[in-house]
Structures are given as C-alpha cells and as structure tokens.
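Biologist: I have a new model open and would like to walk through it with you. Shall we start with a strand and work outwards?

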Amino acid sequence: MKIKSVTAIWLHVPIPEDRRHRSDFGTAESFDSALVRIETSSGVIGYGEAKAQVGSASTNHALCALIEQELGPQLLGEDARDISRLWDVMYNGVRAHYAIERGHVFPVLGRRGITISAISGIDMALWDILGKSLGAPVWQLLGGTRHVRMPAYASGGWAPADRIAEELHGFIERGDFKAVKMRVGSGDGTLAHSIKRVHAARVGLGENIGIMCDAHGTFDVSEAKRFCRRVADYDIGWLEEPVTADNKAGLAEVRASTDIPIATGESEFTRFAFRDLVDRRAADIFQPDLSIAGGISEGIKIEALAAAYQIKLAPHLWGGALTFASGLHLAAVASTGFIVEYSLGANPMLHELAEEDFLVEDGFIEVPRRPGLGVTINQEFVDHYRVG
Ligand SMILES: [Mg+2]
C-alpha cells in the first residue's frame, strides 16, 4: 500500500454576519483548515486535518506548502501503514535513520509550530488509511472503545453578563448538554466583568449544569489567581489556559493556588511539551488538539503520560470533522478520557465538510463505527471553499 500522493487544500469558509461571535481573537469571520489527502497505490484514500492556529480563522498557505512540498515528498513510495516510522521520518528528516536505529529523537528543526501541525494532518490521514484498509474504525486499532458514546460539553459562551445565561441555555437545548464552557479573560475587558459573567451563568443555569471557563491564556498569573478565588464558590469544572502556554511555571503557580482543576494543552506541540506540564505539576486535564500536537500517534503518547500521572484527557475539538473524529476516537479509547468538546459557534467545518452528522443527544455523542476516522468528505463543499 504505497503512498502515491500527498496533497493539502486550504479550506476557507466565510461565516455569515449574524452567526459570528466575538472573543479576544476578534470577530470570527471565517472558519479555516488545511485538509490533507493521501492517496495510495491500492486506491485507499485517507484524510486528515492540520491547523495553523488554535482558533477558527487562519491563513493556511504556509501549512499547505509544508505538507505538499516538504513532508509529502519524503513519504512518496512508502508503505502508508508504517505510521510510527513515517512519523519519525517527518520529525527527524535526514537523521530519521538514527532515530529509528537508536530509539530516541533526532529532530533537524521544526520541533514545534506549524511543522508539527503539518505532521499532525498527515499522521491523521495515515490512521484513516489504515482503518479503511482493514475495515476497522480507528478506535478499534487503538485498543477498542471503552464508550459507545461519550459525554459532550457545549463549548461557546461569549455573551456579556446580562445575556450569558440565555446564550448558554440555548446551547444546552441543542443537545441536552449537562455541561457548558464559557470564555473569560481579556475579551471581557475587565476581570470584574469576567467574574460577573461567571456569577450570572451559575445563577442562570442552577446547580446541576457543569460550567467550565476558558481564558484563552489571556490572564496574567495574579489575575488568574484572583479569578479563581472570586469564582471559588461557583463550582467550576475547570479553568482552561488561565495564562499563556509559554508560562508553565506561572500555570503551576495558579494551579497551586486553587482547587479549581486546571486544563491546558490546545496550544502545545508533541509529547515533550506535555511532559514539561507534568514536570511542573501544572495541569489536571490535558487538552491536546490532534491537528496541532502531532496527530493521533502523538495523542497516544500524550494520553499515556496523562494516565501515568493521573491527569485526565479532554481533547481540544474546536475544529473540523477530522479533528473532531480523531479526538473522539482517542478519548473513547483512553483510560483518562471522560468528556469531549462540542463547539456551538458557527462551525461549517464540523457540520458541512462531512457527509455524516455528529449529533449530540442527551448530552452524549456516539463514537462512529465506520472504518477509519468514519468521516466521508463532502467533495462539493471542498470544491466550493478551497483556496487556489
Ligand atoms: Mg480553549
């Protein structure tokens, strides 16, 4: 099953004005992704997704060029099923033979950033190929699912204090969700407004709905500590990225100051960054984004780290159908998996890129049983929204 071609397409989907949300990232005017397509000599085609940013909107020219012109050519003629070895080929470049012979990494550069995103999309497509070639869903290849359906939480929550409860109620109704996540931090203008919004959400939703808060890394350490202290009585499920990903010591300090669980990881690349979080005792919940962190192969390693240190796994699933499916498959297999994210912003890449629907009922989402990632790409959608 030789790799015949590796291509990447930037998909750029404008979001209608009445469906845009506003956060510290600005107004979400589009949803963008790099769609990776790998074709094999036996005719099996796999798809993956790579992301140039953690948010919805991004420019993907550089990412697509990396995939098509740097990494892809290294894989032509290789057996698509040798995923572990091919990951090392991409990560270690001309020194890959050392890595494979000697059992440790030899990266030439690109140890972080969009090189790893590019590897992520390719890795995902290779797992999709493996699953399709065996007629098995990816979760089966990873060890078999522990869940027929996973609990999902509604992710959104941008409205100001006087409308946040109404907005979150609207999300809950769309899938009978039992937990929601709202944004806090710089987008609120002041810390006082963030606290007021969380208060309004808790009062409006009552005691039986889980509330998580995501600061997008926008607090400084003292603000984050103050935030935790001021919302301590609102039963917050987790505080996500209180401070920037490059301040792991600060993150550990925030965690040590509060009993609110600290979640992080969507901005991190590879097992090595997650190892640093473990070393610092900086997190309770890991949230790798498999289209950023290194794909499904790296997700397995990150999950093993989490399991060894009693850290839970809740993958970052703010992305398209392939990112979503990959995280869902991993979470369903993981001994640390307990909940998955379901974006409630305008997300054409989740709902229209795939022929299938990812529907949440009673707060749960079914784990797909179709071969590979279980995503059938809507070619009309791709043709319509491709850039170039
Ligand atoms: Mg987040």
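Modeller: Happy to! Keep in mind that this is a predicted model.

Biologist: Is strand β9 (residues 236–240) largely enclosed or open, going by how many of its residues are buried?

Modeller: A residue counts as buried if 20 or more other C-beta atoms lie within 10 Å of its own. In β9, five of the five residues are buried, so the rest of the structure leaves this strand largely enclosed.

Biologist: Which residue of strand β10 (residues 262–264) is the bridge partner of Leu239?

Modeller: Let's look at the pairing of β9. With strand β8 (residues 210–214), β9 pairs in the parallel sense over three bridges, and there Leu239 stands opposite Cys213. β9 and β10 also run parallel, joined by two bridges. In β10, the partner of Leu239 is Ile262.

Biologist: What handedness does the unit of β9, helix α9 (residues 248–256) and β10 have?

Modeller: There are two β-α-β units to look at here. β8, helix α8 (residues 221–230) and β9 form a right-handed one. For β9, α9 and β10, the β-α-β unit is right-handed.

Biologist: Now for some helices: how is helix α4 (residues 114–134) oriented against helix α11 (residues 295–308), roughly parallel or roughly perpendicular?

Modeller: The two helices pack with their axes 6 Å apart, at an angle of about 95°. Angles of 65 to 115 degrees count as roughly perpendicular. That makes α4, relative to α11, roughly perpendicular.

Biologist: How many charged residues are in the contact of α4 with α11?

Modeller: From α4 come Ile119, Ser120, Asp123, Met124 and Trp127, and they meet Gly295, Ile296 and Ser297 of α11. Sorted by class, the contact has four nonpolar residues and three polar ones, and the number of charged residues is one.

Biologist: Is Glu173 buried or exposed?

Modeller: Glu173 sits in helix α6 (residues 164–173). A residue with 12 or fewer C-beta neighbours is exposed. Glu173 has 10 inside 10 Å, so it counts as exposed.

Biologist: And what is the C-alpha to C-alpha distance between Pro73 and Ser5?

Modeller: Pro73 belongs to helix α1 (residues 61–75), and it counts as exposed because it has 10 C-beta neighbours inside 10 Å. Pro73 and Ser5 are 68 residues apart in sequence, while in space their C-alpha atoms are separated by 8.3 Å.

Biologist: How far apart are the C-alpha atoms of Glu173 and Asp235?

Modeller: Along the chain, Glu173 and Asp235 are 62 residues apart. The separation of their C-alpha atoms is 21 Å.

How values were computed: Residues are numbered from 1 along each chain as its sequence is written. This is a predicted model: local features need pLDDT of at least 70, side-chain atom pairs count only at pLDDT 80 or more; totals for chains, interfaces and linings use all residues. Axes are lines fitted to C-alpha atoms, for helices over the stretch in contact, and angles run from 0 to 180 degrees between N-to-C directions. Helices (H or I, at least four residues) and strands (E, at least two) are DSSP runs, numbered from the N terminus. Angles under 35 degrees count as roughly parallel, over 145 as roughly antiparallel, 65 to 115 as roughly perpendicular and the rest as oblique. Two residues are in contact if their C-beta atoms, placed from the backbone, lie within 7 Å. Ala, Val, Leu, Ile, Met, Phe, Trp, Tyr, Cys and Pro count as nonpolar, Asp, Glu, Lys and Arg as charged, and the others, Gly among them, as polar. Two strands pair if DSSP finds at least two bridges between them. A crossover is right-handed if, with the strands pointing away from the viewer, the path from the first strand over the helix to the second runs clockwise.
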